[in-house]
Amino acid sequence: MPQYKTPLRDMKFVFNELLNAQEHYKNFEAGKEATPDMVDAILEECSKLCENVLSPLYQSGDQEGCRLEGGKVITPAGFKEAYEEYIAGGWQGISHPEEYGGQGLPLSLGILKSEMVSTANWSWGMYPGLSMGAMNTIYMHGDEQQKQTYLTKLTEGTWTGTMCLTEPQCGTDLGRITTKAVPNEDGSYHVTGTKMFISAGDHDLTDNIVHIVLARLPDAPKGTRGISLFIVPKFTPDAQGNTGEFNHVSVGSLEEKMGIKGSSTCVLNFDQSQGYLIGELNQGLNCMFTFMNTARIGTGLQGACAAELSFQGALAYAKDRLSMRSLSGKKAPEKNADPIIVHPDVRRMLLTQKAIAEGGRAMLYFAAHKADFLMGAEIEEQRARADDDLGFLTPILKAFLTETGCEAANLGVQVFGGHGYIKEWGMEQIVRDTRISTLYEGTTGIQALDLLGRKILLDKGVAFRRFSKEISQYCKGKSPYVSGKCRGKMKSMTSELSSLNLQWKFVAVRLVFNAMRNKDEVGAASVDFLMYSGYIVMAYFWAMMAEKASEALAAGTEEEGFYLAKIQTAEFYFARILQRTKTHYAAMMSGAKNLMQIEEKNFAFL
Ligand SMILES: Cc1cc2nc3c(=O)[nH]c(=O)nc-3n(C[C@H](O)[C@H](O)[C@H](O)COP(=O)(O)OP(=O)(O)OC[C@H]3O[C@@H](n4cnc5c(N)ncnc54)[C@H](O)[C@@H]3O)c2cc1C
């Protein structure tokens with residue numbers, strides 16, 4: 001079983017050296033507290049919790065799973081104690097406002113914590129993870145009383161939150177939800193309906209759960225324009241704000257799943273449960289986007305974390321497992337065979353995992369810096385721009401990092417050979433646990449439509465063009481992240497990135513024209529466009545990381561191996577992974593006809 005070891009060196013490289021967090025934090029009030037010592041303390045303390053408490057529960061949580069007893073979900077042994085330790089450490093609220101019980105540190109510090117928790121034990125991390133989305137939603141759209149009643153409890157972690165969108169008849173197509181909210185005279189609502197697949201929908205970690213529920217009023221317009229958002233607690237708070245009367249939210253069943261077995265996934269029945277409107281009537285989906293964007297970036301993190309954990313397991317095994325001799329002559333003559341890490345194909349797999357894990361980390365931390373502006377910038381224009389930039393990056397982070405994360409997890413099994421397929425080693429668990437990431441929070445297909453259909457076609461690609469301009473500035477030697485002193489060494493990477501960046505803009509325009517002719521062209525090109533975009537975005541970060549490493553080497557360092565590996569992984573990425581853009585380019589340019597021409601009745605003759 002891979003025992004999680006926090007990749008502190010790489011996390012600090014991206015956070016401090018590449019993105020220069022300390023300079024970035026000068027932009028915000030909250031950033032003043034985030035001194036280098038504070039960042040180091042967070043990394044080290046949280047790392048201990050993740051390595052020593054959460055990681056050991058990863059495999060046992062999978063074996064035991066959750067169970068439903070007397071209408072209540074019981075989590076696997078150790079989950080509750082780990083949660084108590086987590087909230088005692090104040091981890092849930094590190095990036096949330098002090099006035100609601102948080103520590104008020106920048107959001108981007110929260111992603112360090114989330115990465116460690118998620119890599120050590122994704123299933124366990126879903127309980128506080130879903131709460132985070134509920135906290136952001138109430139903070140952004142709730143009224144003061146709702147913040148005092150619910151946000152404070154969620155921030156301290158004594159209650160957790162959920163996201164209740166999906167119903168049996170619809171997951172993607174939320175315009176079809178039927179859960180009803182009937183107004184009461186006192187301003188509250190009675191919420192009735194069935195929600196399914198609700199993560200952390202019930203559990204024994206806390207004594208109350210705050211459900212954030214999409215429902216429609218009896219006279220609401222049809223479709224997404226008639227959806228409102230409600231807080232529906234499992235137990236209504238009493239006059240003192242503590243857990244009070246049962247609010248008729250019951251568990252219909254607990255799903256039996258392929259993976260993330262330690263995370264409860266529930267059918268929830270709301271039976272005239274008291275609910276409280278968040279935001280404006282019929283604006284529920286807009287408010288819910290706060291939750292969904294948090295959760296989507298969090299799900300992108302799942303992909304990168306799976307790549308990291310699987311890589312850690314595969315690397316240790318590849319150094320240890322002996323098989324045959326290297327094609328170019330014995331590498332371990334003292335042994336009767338060489339370790340498999342000498343074989344080029346095993347290195348191909350390990351380097352792919354490493355490139356995805358470290359490239360994904362850089363993409364996610366970069367996005368977290370944008371989120372700092374969204375939450376903390378004092379100038380409205382800066383906030384709006386960060387919102388647009390994040391809106392553009394979110395579908396890429398969510399879908400590209402989960403698709404490549406699943407690939408990396410599968411490669412981890414492959415490195416183990418037949419042993420990878422055996423439960424004891426834990427590698428197959430990572431595959432099972434990660435497989436959900438391309439499905440929930442909007443499938444890859446839906447993220448791709450969001451990127452191409454909404455962010456490029458409808459929003460006229462403003463944020464896309466801004467991001468592409470940033471790459472182009474970097475390629476010209478004008479980047480806020482690297483000094484340009486090692487430009488000479490970067491030539492082949494920057495010229496390839498530059499021509500792909502040009503092609504990216506050309507492709508977007510071409511697809512816009514195709515879409516004017518036939519809307520199916522959008523759906524036919526969208527997933528290839530998303531993956532193509534993801535490889536280019538990741539290439540930008542790999543080029544910058546290689547340049548930063550070259551600068552460190554040129555300045556002289558005792559960590560030569562670390563920086564050399566960065567450059568060599570970037571070379572691998574450009575030579576082998578980035579080349580996948582060619583296939584995606586050909587596929588998206590081939591048009592919709594080859595998908596649409598076959599008649600439905602001719603798909604199979606059974
Ligand atoms: C373990 C687990 C945890 C979950 N947690 C939560 C949770 O906490 N809260 C919550 O509300 N939900 C949750 N979900 C639900 C999840 O978000 C949905 O399952 C997901 O959004 C997909 O919806 P669906 O299952 O209805 O699939 P469908 O919408 O029926 O989609 C089926 C297929 O059709 C494709 N498709 C659908 N429409 C289109 C279109 N217009 N264009 C192109 N392709 C399309 C999809 O990409 C997919 O491949 C969870 C699900 C699981 C399995």
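Leaving aside its neighbours within four places in sequence, which residues is Lys 566 in contact with?

What we have here is a predicted model, where local features need pLDDT of at least 70 and side-chain atom pairs count only at pLDDT 80 or more, while totals for chains, interfaces and linings use all residues. Residues are numbered from 1 along each chain as its sequence is written, and side-chain values use heavy atoms, with hydrogens and water left out.

Now, back to our lysine. Lys 566 sits in helix 17, residues 560-577; helices here are DSSP runs of H or I with at least four residues, strands are runs of E with at least two, and both are numbered from the N terminus. Its contacts are Asp 10, Phe 13, Glu 358, Trp 542, Met 545 and Ala 549, once neighbours within four places in sequence are set aside. Contact means heavy atoms within 4.5 Å. Lys 566 has a relative accessible area of 1%, so it counts as buried. Buried means under 20% relative accessible area, exposed means over 50%, and partly exposed is in between, using a 1.4 Å probe and protein chains only.

Next, helix 18, which runs over residues 580-589. Its buried residues are Thr 581, His 584, Met 588 and Met 589. On the face turned away from the buried side you will find the exposed Lys 582 and Thr 583. Helix 15 (491-517) and helix 16 (520-555) are among what covers the buried residues. After helix 18 comes Gly 591, with a positive phi near 85°.

Finally, the ligand. How many residues surround the ligand? There are 18, and the closest are Met 163, Thr 166, Thr 172, Phe 197 and Thr 443; a residue counts as near if one of its heavy atoms lies within 4 Å. By class, this shell has 10 nonpolar, six polar and two charged residues. Strand 5 gives the most to it, with three residues.

Let's look at some atoms. A polar backbone atom of Met 163 is 2.7 Å from a nitrogen atom of the ligand. For Thr 166, a polar side-chain atom lies 2.7 Å from a ligand nitrogen. For Thr 172, a polar side-chain atom lies 2.5 Å from a ligand oxygen.

Notes: Polar contact = N/O pair within 3.5 Å; in protein donor to acceptor, adjacent residues only side chain to side chain. Nonpolar A, V, L, I, M, F, W, Y, C, P; charged D, E, K, R; others polar.
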